[in-house]
Amino acid sequence: MTGQPQPGVPILRLGDVLVTGLLNELDDRTAVAFTEELTERISAEGARGVLIDISRLEIIDSFVARTLMELTTVARLLGARVIVAGMRPPVAITLVELGIELVGVETALNPEQGLAALGWRQAPQPPEGARRGTAR
Amino acid sequence: MTTSEAAVRERLTRALQERDEEIADRWVELQMEQALLDTDIGEAELREEADALIKALVPGLQSGVPVDRVVTSTPVLYEAVVGLSLRRARAGATPTATSLAVLALKEALLRAVQRDTRDAEELFASAVFMNRLLDVAGALSFETYVEGREEIIRRQSQQLMELSTPVVRLWRQVLAVPLIGTLDTARTQVVMENLLQAIQDHEALVAIVDITGVPTVDTAVAQHLMQTVNAVRLMGADCVISGVRPSIAQTIAQLGIDLSTILTRATLADALAAAIKLIDGPGPDGDEGDGR
Amino acid sequence: MALPGESILASRGTKVSARAQSRRPPAPATYPVRTEEDLLTVRHAVRAATVEVGFGLVDQTRVVTAASELARNAYVHGGGGTVTLEYPHEPSGRRGLRLIVKDDGPGIADLDAALTDGFTTGTGLGHGLGGARRLMDEFTVRTGRGEGTVVVATRWTVR
């Protein structure tokens, strides 16, 4: 709990999709650095899709929401589609009560479905890209 | 504080310390006599309460706090009165019986003082002092009782609400919530909480909110529906609203409520068909293709 | 003696202190909001407080989010300030968490606008006040041009 900004959120590359995540302790500096790095990678690597895993975020306030919306807009301008995956139920409820709609941001239940939506599929591919195995 | 009040305090303190058994006995007896306590609180429990409260009065009297604030500003005494009142509230006693039970302590206490002195003036001063001291306890007891009952009612309505919003699984990755009754803020919160958790647990892709059992849709209800839909979408699932009766559709149109971004269907069956189509469509989240 | 009609702030004082000795709710604590790091500290403290009070996960998230909005307001618009946490109690056992967020900034000139237009879409600024208000049960703002801003917001465990 040192409040030190975490330098460099890892950004992985899977084909033409970039996969990354947001940490819980997002402050201004980290957010700006993260947006810059991601933007550079999209443009340098010609990424067509970006998956942002937010399942670790315990809250999304208007600052984090704005960061996500800006990222989405910037990525779209560069020709990449962004999917935000794994929002926790309490976070989703709080966001709508807060009155934030995450305009233009696409969502997926989890990273796997987000990747499937971005056209990055596992082989052999199940009929409709649906998940298997863990459904209860 | 006048000297006579100091004397009264001392006399009462002594009575409470030396005649505690006697006071407790008499107080319990009076409460049993009042027969107002139509509850399952037993004599043993009454006795326990009495012992605690009598003991708690001593530090209150010795604190030097003005008489009408003794009960509220002596923690142990305050707790004793509050605890007693809440137990009565839960056991189903009436608020009047609860207050009267507390006030009966006056009589028990005065009797004990009477055994130490027969001086009329002193007895009068003691009675006045005790009234001031314990009327506050009676009022606190009444207030606590009411708050305690309100708390019970709040809990019950919360439980009722949770029972009345079941989330059912209709199909692989399709969930449904049949809403019955109105959709206010509190209800919306419960619906969202249950639905979103179920979406996560079942990895559902479509949630159907059925409003067949909702009598009217006004602007507030529409807003709450929108909130629910938005929350479902943030999770990465789609939402379909079913059970839109013709009369409700008309009301929505007349009120100028914009539900155009929401997929709606007349019946639950239609909604299920739409949901299955969404799942079997080209994209798993229904948002097919790379729309650029 | 606190009667039900009295204002909550005024009437609960004696009760809180009276109960403090028997059930020991934590003492009120104040945190500075002067740096980015302070915002994170406040969030951690509020999260711990919501757990202590016994809120469910969704309510915890609501309160921490509201605190984050308010603390950020004090930091960004008020030039820094403080966040105080209090633990109000009712005799019935209903518990709550109260956030008092103060700054000595320029104050909010048009409070109604800040509250109604409260949320941010896109890149607009927005005070986040309206949004925070929707996440709490009780919400009051004292402000004026040049007077700084004090927001008092409470959420109860059962409503």
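Author: Start with domains. Domain bounds come from an automatic or database domain assignment. Keep in mind that this is a predicted model.

Reader: Into which domains is chain B divided?

Author: Chain B has domain 1, residues 3-160, and domain 2, residues 168-280.

Reader: How far apart do the C-alpha centres of the two domains of chain B lie?

Author: The centres of domain 1 and domain 2 of chain B are 54 Å apart.

Reader: Next, sheets. What holds the strands of a sheet together?

Author: Backbone hydrogen bonds pair the strands, and the pairing is either parallel or antiparallel. Now take chain A. Its open sheet has five strands, in the order β1-β2-β3-β4-β5, and the pairing is mixed.

Reader: Which strands are at the edges of the chain A sheet?

Author: β1 and β5 (106-108) of chain A are the edge strands, and each pairs on one side only. From one strand to the next, the twist averages 25°.

Reader: In which sense do β1 and β2 of chain A run, parallel or antiparallel?

Author: Antiparallel. Strand β1(A), residues 11-14, is joined to strand β2(A), residues 17-21, by four bridges. As one example of a partner, A:I11 is bridged to A:T20 in β2(A).

Reader: What do β1(A) and β2(A) form, and how many residues lie between them?

Author: They form a hairpin, with two residues between the strands. Look at A:G15 in the turn: its phi is positive, about 60°.

Reader: How many bridges join β2(A) to β3(A)?

Author: Five, and here the strands run parallel. β3(A) covers residues 49-53. Opposite A:D53 in β3(A) stands A:G21.

Reader: Which strands of chain A does helix α1(A) lie across?

Author: Helix α1(A), residues 28-45, lies across β1, β2 and β3 of chain A. The helix runs at about 25° to β1(A).

Reader: Now chain B. What is the strand order of its sheet?

Author: The order is β1-β2-β3-β4-β5 in chain B, an open sheet of five strands with mixed pairing. β1 (168-171) and β5 (263-265) of chain B each have a single partner strand, so one side of each has no neighbour in the sheet. Neighbouring strands here are turned by 30° against each other on average, direction ignored.

Reader: In which sense do β3(B) and β4(B) pair, parallel or antiparallel?

Author: Parallel, over five bridges. β3(B) spans residues 206-213 and β4(B) spans residues 238-242. To find a pair, go to B:I208: its bridge partner in β4(B) is B:V240.

Reader: Which strands does helix α9(B) lie across?

Author: α9(B) lies across β3 and β4 of chain B, at about 150° to β4(B). Helix α11(B), residues 268-280, also packs on the sheet and touches β1, β2 (174-180), β3, β4 and β5 of chain B. The direction of α11(B) makes about 170° with that of β3(B).

Reader: How do I describe two helices that pack together?

Author: Begin with the angle between their axes. Angles under 35 degrees count as roughly parallel. The axes of α8(B), residues 185-202, and α9(B), residues 219-235, cross at roughly 20° and come within 10 Å. The two helices are therefore roughly parallel to each other. Their crossing is right-handed.

Reader: Which residues meet where α8(B) packs on α9(B)?

Author: From α8(B) come B:T188, B:V191, B:M192, B:L195, B:L196 and B:I199. From α9(B) come B:H224, B:Q227, B:T228, B:A231, B:V232 and B:M235. By class, this contact of α8(B) with α9(B) has eight nonpolar, four polar and no charged residues.

Reader: At what angle do α3(A) and α8(B) pack?

Author: At about 140°, with the axes 9 Å apart. α3(A) covers residues 89-98. α3(A) and α8(B) are therefore oblique to each other. α3(A) passes α8(B) in a right-handed crossing. A:P89, A:A92 and A:I93 in α3(A) meet residues of α8(B), among them B:M192 and B:L196. The contact of α3(A) with α8(B) has five nonpolar, two polar and one charged residues.

Reader: Last, whole chains. How many residues of chain C are in contact with chain A?

Author: 26 residues of chain C are in contact with 22 residues of chain A. On the chain C side, α3(C) gives the largest share, nine residues. That side of chain C divides into six nonpolar, 14 polar and six charged residues.

Conventions: Residues numbered from 1 in each chain as written. Chains lettered and ligands numbered in written order. Predicted model: local features only at pLDDT ≥ 70, side-chain atom pairs only at ≥ 80, totals over all residues. Axes fitted to C-alpha atoms, helices over the stretch in contact; angles between N-to-C directions. Parallel < 35°, antiparallel > 145°, perpendicular 65-115°, else oblique. Left-handed = near helix turned anticlockwise from the far one by under 90°. Contact = placed C-beta atoms within 7 Å. Nonpolar A, V, L, I, M, F, W, Y, C, P; charged D, E, K, R; others polar. Pairing = 2+ DSSP bridges.
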